[in-house]
Amino acid sequence: EITEMPSRSGAHFLSFLLFLILVPVGWYLAADAGSRMTLSEAAPMFTGVASILALGELLGAIVITVILCATARRSSLGAWFMGVITLLAGLPWVLTPGITASTLLDPLTVLANTSSLGSNLARHLQASGYSGRFALLAIVLMGLGYVSHSARRKGRAEEALRTSIEAINPAGAFYSKGARKKAAKDLKRK
């Protein structure tokens, strides 16, 4: 028998950690899959043949999205945190593109010259930044956090209301008319 509410610190920590790690990985996989499917010379839209590598990256991004949605069910902290960070990182690209370009030119050039992964990363950062996709991703993450948090709060409030109604009128603690009728019948049998 549980005598006190369990701590949610583990759920908050896991949410924070998973969103911190998986949002950038999921973004990169989705951006690279999109690039392979549309911008490459061997893109499926030009060749008519599906790219297994692009589909694998897209599947990876989908799996990460499912994991993050399941994580947000338990705690919205990670979604809120990464949403705010992504918004702060994404706004300069669209609000001050000239300043952002001059500020990030050298670091992105260095990143692009490190390896093919660095080159892809620099290109995807610019494409996602200047197109506003970072800002859009931020809004989606904060929306996920809001929905998760508010659904949990609404569920708690409804459960408290159900408990108080049940103490006075056990048959009235159900939502549907049919469920209330069934509960009333069950009470009469007792």
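In which crossing, left-handed or right-handed, does α5 pass α6? In this predicted model, the crossing of α5 past α6 is right-handed.

**Helix packing**

Helix α5 covers residues 97-114 and helix α6 covers residues 116-131; the two pack at an angle of about 160°, and their axes are 7 Å apart. Angles over 145 degrees count as roughly antiparallel, and α5 and α6 are therefore roughly antiparallel to each other. On the α5 side, the contact is made by Pro 97, Thr 100, Ala 101, Leu 108, Leu 111, Ala 112 and Thr 114. On the α6 side, the residues are Gly 118, Ser 119, Leu 121, Ala 122, Leu 125, Gln 126 and Tyr 130. By class, this contact of α5 with α6 has nine nonpolar residues, five polar ones and no charged ones.

From α1, the contact includes His 12, Ser 15, Phe 16, Phe 19, Leu 20, Val 23 and Pro 24; from α4 come Leu 77, Gly 78, Ala 79, Phe 81 and Met 82. The contact of α1 with α4 divides into nine nonpolar, three polar and no charged residues.

| Helix pair | Packing angle | Distance between axes |
|---|---|---|
| α5 and α6 | about 160° | 7 Å |

The largest pocket has a volume of about 490 Å³. Its lining consists of 22 residues, and those closest to the centre are Gly 26, Trp 27, Ala 30, Thr 65 and Leu 137. Helices α1 (9-38), α3 (52-74) and α7 (133-168) each contribute at least two residues to this lining. Which helix gives the largest share of the lining of the largest pocket? That helix is α3, with eight residues. The lining of the largest pocket comprises 18 nonpolar, three polar and one charged residues.

The second largest pocket has a volume of about 210 Å³. Of the 13 residues that line this pocket, Pro 24, Trp 27, Thr 86, Leu 125 and Phe 134 lie nearest its centre. Two or more lining residues come from each of α1, α4 (77-95), α6 and α7. Helix α4 supplies the largest share, five residues. The lining of the second largest pocket is made up of 12 nonpolar residues, one polar residue and no charged residues.

Trp 27 is named among the residues closest to the centre of the largest pocket and among those nearest the centre of the second largest pocket.

Key. Residues numbered from 1 in each chain as written. Predicted model: local features only at pLDDT ≥ 70, side-chain atom pairs only at ≥ 80, totals over all residues. Heavy atoms only, no water. Axes fitted to C-alpha atoms, helices over the stretch in contact; angles between N-to-C directions. Helix = DSSP H or I, 4+ residues; strand = E, 2+ residues; numbered from the N terminus. Parallel < 35°, antiparallel > 145°, perpendicular 65-115°, else oblique. Left-handed = near helix turned anticlockwise from the far one by under 90°. Contact = heavy atoms within 4.5 Å. Nonpolar A, V, L, I, M, F, W, Y, C, P; charged D, E, K, R; others polar. 1 Å grid on protein atoms, 1.4 Å probe; cavity = no way out; pocket = protein on both sides within 12 Å on 5 of 7 lines; lining within 4 Å. Points joined across faces, edges and corners; volume = space filled by probe spheres on them.
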